[in-house]
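Reader: I have the model open. Walk me through how to read its features.

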Amino acid sequence: MNNQTKLPAHASVVVIGGGVMGCSTLYHLAKSGVSDAVLLERNQLTSGTTWHSAAQVRALRASKNLTDLIDYSISLYSSLEAETGQSTGWINKGSLSIATNSDRLTFIKRQEALAHLYGVEATSVSAAEAKERWPMMNADDVLGAVWSPADGRVGPSDLCAALAKGAKSRGAKIFEDTGVIAILTKNNKIVGLETTAGSIRCDAIALCTGLWSRKNARRAGVDIPVWPCEHFYLLTNPVESITDNLPTLSDHDNHLYIRDDSGGLLVGCFEPMGKSIAPEQIGEDFAFQLLPEDWDHFEPMLNNALHRLPCLETADVRMLLNGPESFTPDGSFLLGESAETQGLFLGCGMNSVGVATGGGAGMALAHCIIHDHTPTDLHEADPKRFPDCFNSVEALTARIPEILGTHYAIHYPGVQLNTARDLRETPLHQQWLDNGAQFGQFYGWERPLYFDRKEEPILGFGKADWFDQVAREVEQAHQRTAIFDQSTFGKIAIEGRDAEKFLNRVCANNMAQPPGKAIYTAILNARGGFESDLTALRLDNERYRLYVGTAAIKRDMCWLKRHLNESEEVQITDQTEDFAVLSLMGPMSADIIPQLNELSYFHHCSTTIQDIPIEAVRLSYVGEAGWEVTCAATDTAKLYNLFYEAGARPAGIYAQSSMRIEKRFLAYGHDLDTDINPLQAGLGFAIDWQSDFIGKQALLDYKLNPTDTQIVSLVLDDINAVPLGNEPVYYRGEIIGKTTSASFGYRIGKPIAIALVKAQTSLDQLPVEVDIARVKFTATITTKAAFDPDGTRMRFKPGATQ
């Protein structure tokens with residue numbers, strides 16, 4: 001498929017990899033006017049993973065923007081033939097998701113509610129109706145199902161051929177049998193490649209090399225956490241009762257997906273614990289080969305399939321296909337520019353959804369390369385979301401098999417992964433163990449979710465197993481004093497003669513405050529959306545310390561460094577592990593550190609507590625009076641002991657989350673993202689309109705033509721309702737928004753949520769409904785915080801009947 005025998009000397013963008021992700025990226029680059037884009041494929045198009053994909057396309061994903069990528073893919077796959085004359089093999093027969101236990105039924109009904117929120121058609125059906133749609137299945141144990149008519153499948157090789165044809169028609173070039181030998185960089189920027197067919201200079205690379213992405217990224221000085229797993233599906237010869245294409249049957253309780261294939265059956269699985277394989281075992285020359293059949297590994301899934309499909313017992317098995325696919329430590333793909341090397345854009349680690357997502361993901365990656373940002377917020381796919389500790393072979397080989405199994409697992413609230421744990425521990429890890437902490441993993445860190453754990457929690461969608469423990473912790477913070485460990489917050493030192501000037505440009509608030517001030521601010525993109533929100537302490541005229549979210553450190557360090565002008569004298573340093581932060585919150589905190597009582601809100605000072613140097617700032621993320629106290633990591637245990645001996649007790653993330661939602665303090669990744677601006681979020685107070693900051697013009701434009709969305713609080717009436725976030729909010733039968741964060745509000749004694757809704761004539765006290773697994777619970781919108789400690793102090797209400 002080479003357009004010419006010799007590589008061009010230069011291309012604006014070189015795409016490496018000729019699978020669906022690479023072909024889609026090339027197609028969309030060319031379609032957007034990058035007509036000199038080049039694709040290099042070491043073998044032939046579709047080799048590696050794409051050619052053997054089962055190519056399922058399921059419309060619904062975990063977020064609106066990921067779902068929109070699939071919606072775009074479906075639209076593209078159904079229209080490419082008209083554009084190019086090349087069929088994609090698109091078959092739209094829908095899918096049927098069945099439930100064989102009550103938790104699965106709740107889960108698929110939550111997915112049905114989510115589908116309605118995202119504009120995807122989905123309908124609950126009875127077990128009898130499910131049997132009518134899939135007559136060959138044994139439905140004796142089926143409790144119910146959800147029918148999704150938009151789903152389908154595609155021919156992966158035909159799809160790539162159509163994308164390649166469309167790209168070439170717009171001037172793009174494709175070179176097969178052309179391997180990459182080296183990726184060339186200068187000052188941490190992409191400048192070109194060495195290939196088996198010669199050199200080529202370029203401004204950017206789209207790395208879409210699937211199983212080999214980890215090795216290829218290293219050639220550009222970037223480590224990425226991508227690792228292969230074996231993926232199995234069974235194929236039979238024609239079955240007499242199959243006379244037409246069938247919907248895909250999703251039997252996730254049995255870890256199976258089932259459909260027709262060439263008149264026979266295709267039975268695939270995402271078993272509970274997958275089987276990883278080292279890239280070296282796959283080999284550099286792996287192209288259209290398959291891995292050896294492994295009937296012993298597949299046998300439990302085969303038994304499940306025999307239960308669901310009695311006809312399988314007499315079917316003639318054609319083969320057990322075993323093809324490797326690449327996965328990441330959290331089950332979401334990588335899409336975007338790397339933090340380490342500018343101009344290296346990643347489109348890999350597709351977690352077995354490459355064909356389904358490829359159309360939209362290739363469009364988004366091309367958009368990112370051209371415009372320096374994805375078309376909508378895709379923080380779930382940002383390559384900068386992983387800490388370096390996940391790059392080791394040990395962590396990847398432990399985690400990736402479990403990730404394969406989570407594809408079909410019930411996503412319970414509070415669920416945690418079991419593998420690749422204890423990668424990062426805070427200075428108080430032993431103390432938290434001594435206090436019976438139940439840990440969760442965040443950016444590799446082990447953080448206490450709650451304390452006084454009695455046994456392994458039982459997960460479910462009703463009242464949380466840890467409800468009483470969290471109630472006690474909230475009560476401790478509300479009536480006495482609690483210690484929240486914030487040590488995992490990213491801490492960035494900004495130092496130098498031009499520190500103030502630099503921060504006033506990249507931050508939306510006034511950073512020219514005197515030393516001793518704490519400043520809450522947003523870092524905005526040129527479109528006015530949040531790239532980050534943070535608290536800055538001005539230490540002296542030339543030094544600031546920024547406190548950013550736990551998972552934001554790599555992303556924020558990258559953003560700051562790339563927006564630093566060469567003429568600015570500023571040093572940017574990650575100090576996260578040098579310091580610890582203990583938040584001392586509650587009405588008795590003033591008795592523990594009396595020397596800070598004169599400290600005003602959003603001011604900080606340096607002092608000592610029994611010879612321990614600290615930096616204390618008066619602010620609160622939980623709506624109770626207190627301080628966030630920074631000390632050297634080596635002093636943390638001593639400082640904690642002083643607080644504990646004075647009556648403070650530890651509280652975990654669940655208590656903190658409940659309290660911050662009651663106070664409507666917003667969290668990045670839940671309530672804030674790159675698509676939301678401070679005015680929508682009610683954070684206009686943190687904008688300095690006198691500063692010339694990045695994103696200012698977009699906010700000025702927004703003020704002239706605002707959207708009709710607003711962030712509000714919700715208080716649900718039914719004490720037994722359990723909102724989790726991402727539930728549709730209805731008003732007079734129409735969806736007007738969604739919950740973004742949710743919890744039980746222990747200080748007000750009711751379930752609560754933060755929500756992004758369309759503005760009505762008057763939102764305050766508006767009666768609405770929240771759809772939780774297709775049951776609508778009444779709620780009331782409040783434009784203020786659900787709990788306001790500055791007003792009438794409310795009685796603690798743990799919700800005994802909840």
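This is a predicted model: local features need pLDDT of at least 70, side-chain atom pairs count only at pLDDT 80 or more; totals for chains, interfaces and linings use all residues.

Reader: How many cavities of 30 Å³ or more does the structure hold?

Author: Rolling a probe the size of a water molecule over the atoms shows where empty space is left. On a 1 Å grid over the protein atoms alone, a cavity is a set of points where a 1.4 Å probe fits but cannot get out; lining residues have an atom within 4 Å of a point. Points are joined across faces, edges and corners, and a volume is the space filled by probe spheres set on them. Here there are three cavities of 30 Å³ or more. Residues are numbered from 1 along each chain as its sequence is written, and side-chain values use heavy atoms, without hydrogens or water.

Reader: What about the second largest pocket, and which residues lie closest to its centre?

Author: A pocket is an open set of points with protein on both sides within 12 Å along at least five of seven lines. The second largest pocket holds about 820 Å³ of space. Of its 27 lining residues, A339, E340, M557, C558 and K561 are closest to the centre. Helix α14 gives the largest share of that lining, six residues.

Reader: Where does α14 lie?

Author: Helices (H or I, at least four residues) and strands (E, at least two) are DSSP runs, numbered from the N terminus. Contact means heavy atoms within 4.5 Å. Axes are lines fitted to C-alpha atoms, for helices over the stretch in contact, and angles run from 0 to 180 degrees between N-to-C directions. Helix α14 (residues 553–562) lies across β24, β25, β26, β27 and β28, at about 20 degrees to β24.

Reader: What is the strand order in that sheet?

Author: Two strands pair if DSSP finds at least two bridges between them. The open sheet of five strands runs β25-β26-β27-β24-β28, with antiparallel pairing. Its edge strands, β25 (518–524) and β28 (571–574), each pair on one side only. The twist averages 30 degrees from one strand to the next. Four bridges join β24 (residues 490–495) to β28. E495 stands opposite Q571.

Reader: Is S63 buried or exposed?

Author: Buried means under 20% relative accessible area, exposed over 50%, partly exposed in between (1.4 Å probe, protein chains only). S63 counts as buried because its relative accessibility is 12%. S63 is in the loop between β3 (56–57) and α2 (64–84).
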